[in-house]
Amino acid sequence: MNAVPQPQAQTESRVLVCDGNEAAAWAVALARVDMVAVYPITPQSSLVEYLAKFVADGRLNAEIVDVEGEHSVLSVLQGAALAGARTYTGTCGPGLAFMFEPYLRTPGLRLPIVMSIVTRDTLTPQSVWGGHQDAMSVRETGWIQLYCESVQEVLDTTIMAYRIAEHRNVMLPVNVCHDGNYLSFGAARVELPAPAEVDRFLPPPAVHWHAALDPERPMAVDPLTGGAGGPGPAMFVRYRKGHCAAMQNALSVIESVHADWHRIIGRRHPALVEPYRMEGADFALVTIGSMSGAAKDAVDAARERGLAVGLVRVKTYRPFPVQALVRALDGVRAIGVVDRSVSFGWNCGPLYQDVLTALQSAAARPATLSFIGGLAGADLTIGHFERAIALTRAQAREGRSGGVIWLNEEDR
Amino acid sequence: MPAYNTIAFRPELCNGCGDCMRTCAEVKTGSADSANARIQISADGDTLALALCRQCGDPKCVANCPAAALDKRLADGVIAWDGSKCVNCLLCTVGCAYGGIVYNAAAQHVVKCDTCAGDPACVRVCSTGALRYLTTARIYNEVGDLEDLFAPGLSGCQGCNTELVMRHALRRIGPDTVLATPPGCIPGMGSVGYNGQTGTKVPVFHPLLTNTASMLTGIRRQYRRLGRKVHAVALAGDGGAADVGFQSLSGAAERGEEILFICVDNEGYMNTGMQRSSCTPFGAWTSTTPVGERGRGKTQHAKNLPVIMMMHNCEYVATASTGFMEDLYAKLDRALAASERGFAYLHIYSPCTTGWRFPSQDNIEVARKAVESDFVLLWEFTPAAGLQLTRDVSHPVSISEYLRVLGKFRHLDDAEVHEIEAAVERNRQFITGLAQGQHPAMARLAADRADDTGARS
């Protein structure tokens, strides 16, 4: 169906040292993406430079469209997807804000676009550094959001995202979120899978079998729908309900895609949540993104000191994995949730808010505490997590909830 | 059955000079005796009447002829007279209700107009425009059998000019098309449709108001990648092109995307209730530039979007009007061809009966007056040829001829009319200057530079 010849970027699996932005670009090449639209923005810029270089070098046989802004980035990809293309882009912060109009529309069009958010704190204060505020601000727009911990996970998840997005029971766009600065520029050892293996894992694109803009299959895409009276209201509900159902379908699809990745490529990543040292844990931290590495080190150290602490990392943030999270946290007496962003309306972190809501379906009611740290590029060190562990432990002892701890407030 | 060209007469423009008759006689008989002309114009009460062969579709002269000397030629529609067969019975003259075939004493047989093989001498000498050779039949003959790719019964306002533009354009462009119709009158009248039903027979979509050219970029590029020839076409309003959609339009034009972008300029946000856009002209009433004790309509002149698009060095840029359909079709053809190589931009002025406040039957007349008064100039641009005027702009009718028929200008006082007049003149000079390769301002600039150089040396 795709008449385009596909040159091989490489034939064998190999090991390289690269940062998260380059890893994402390698994933795009391995996923045999048809069209990439780009506009540079810190800290994503090197990602689109890698893509441009890959295209220039013939490693990535994609149409690359250098547009005049992020709004057009996603608009070009919407058009391309409606013509059947597998598509990719990445952005962050102000770029995501400028993209918001087409961004908001993409999931409703049910287009399986994959877009990295190289997360960055939002303006203002003026800032060009990492933080989850951008991605978190669009958490209720109907995109799937996956948060990575490591450079390897960025590479693998970006490829897996196409299987998830293009699954017939899902057909939704996916944000692969990797932390600005810490993952975008942090170099690590990465295993690059062999293209043939990726081809076995990821079939050719199935992007526009439903809604298409194709003279061979003429249809109107997105007529006005809704209003009061007539068929509109029920039709609108059907679209919205279908979207919600697809989000829920995605939970099991994400799990099976991760299982396939392990089976075919040989690497295992947590699909929804990652329980870490939760055996017999009395209390736990909940983390998201690259901070989880330092947090795990802190948990290891605390365990050595005899503290019964564990950690649950949230990989799939939207749809929110309620059951998996509740299962992972079963039996703890206190939970400290560490956010890299702020929920202004609730005076806590947004992940904290989600965890609280999820716990409504749990049998027990553990004590909870919201930690906010790592804003605008601030480092979250083992020391910060040791404090978080100590405070959460105190909560467990006292059995009380509430309060917000701003982890970098005392940094000097 | 094909359509044919014809000579049309507007008595209100005729000054009775008689040039047409003398020229006809000269061309057909060698003498300038008007009595021998195939065209006769004479007083008929208070007005003037034309006696001329209409080259009828169902000619009674031909039916009456017992000798088969008269024949309606299928190729060009001219009713031809064959002297070798004529028996001079004059029954043909009895059949004709227009005085189009008459006995001529000098020739000693009937004579009639043969349209001078498609270039009538009478029309050429008519200085007032009372006689016109209408060649719009070409449009019918070329596109009449093509399918109208919009469903019947779109819910446009009565007399909507935009609906006319849409139907003509898409019929010509054909079915191998993906059509973008950003929010505005065009989807508002049901082209994309409502609740699962559509008014268009080609793939059609609502882009956002802001991203029409970008979405078409992705579509066109993907089909090109697949080796498929699919036209990427926009039918957009002026708001979505000149205002909030301008960034994506400019970006796509700069990149030379292979898109045909048709801007249907009705000088405002007519679908949302007639608000001002940057294409709204000075003085115009809109719902956001209302007229009241202090308000006098829009206080700025319109943005000249086609000129701005020209400055992107697009493959093709043109302005057009439904008052001049042949010109419009010729430009549509060139724009479509250019969109196979790069960005093609066609700006069609589209009077709006509802938003401009004039009777719905006057739409084409308003479109024509806009052009005839130079309020709107018809031109085209290619990188090779530069800007060329496609209609003479040197003899405009008075601007008030145009303004007075539009309710949106009804409040204007003389000073405001003069302001518009001056702007129209500036624009005429600007475009004429570009057409001649030397904009007056540029010439002045060059002169200043020369002076500076002289002063320094």
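Select domain 1 (14-201) and domain 2 (273-406) of chain A, the bounds of which come from an automatic or database domain assignment; their centres, taken over C-alpha atoms, are separated by 27 Å. This is a predicted model, in which local features need pLDDT of at least 70 and side-chain atom pairs count only at pLDDT 80 or more, whereas totals for chains, interfaces and linings use all residues. Residues are numbered from 1 along each chain as its sequence is written, chains are lettered from A in the order in which they are written, and side-chain values use heavy atoms, with hydrogens and water left out.

**Between the domains of chain A**

Select A:Arg139, A:Glu149 and A:Tyr182, which supply 31% of the area that domain 1 of chain A buries against domain 2 of chain A, more than any other three residues.

Six salt bridges cross this domain interface, each defined as a side-chain nitrogen of Lys or Arg within 4 Å of a carboxyl oxygen of Asp or Glu. Centre the view on A:Glu140 and A:Arg318, whose side chains meet in a salt bridge of 2.9 Å, N to O.

**Between the chains**

Now show chain B together with chain A. The contact takes 48 residues from chain A and 39 residues from chain B, and the two chains bury about 3200 Å² between them, 57% of it on carbon and sulfur atoms. The interface of the chains also has six salt bridges. Select A:Glu63 and B:Arg224, which form a salt bridge with the closest N and O atoms 3.2 Å apart. On the side of chain B that touches chain A, helix 8 of chain B gives the most, with 10 residues.

Finally, select strand 9 (residues 220-221) of chain A and strand 10 of chain B, which pair in the parallel sense over two bridges; pairing requires that DSSP finds at least two bridges between two strands. Here A:Ala220 stands opposite B:Val204.

How values were computed
Contact means heavy atoms within 4.5 Å. Buried area is the accessible area (1.4 Å probe) that two parts lose on being put together, summed over both. Helices (H or I, at least four residues) and strands (E, at least two) are DSSP runs, numbered from the N terminus.
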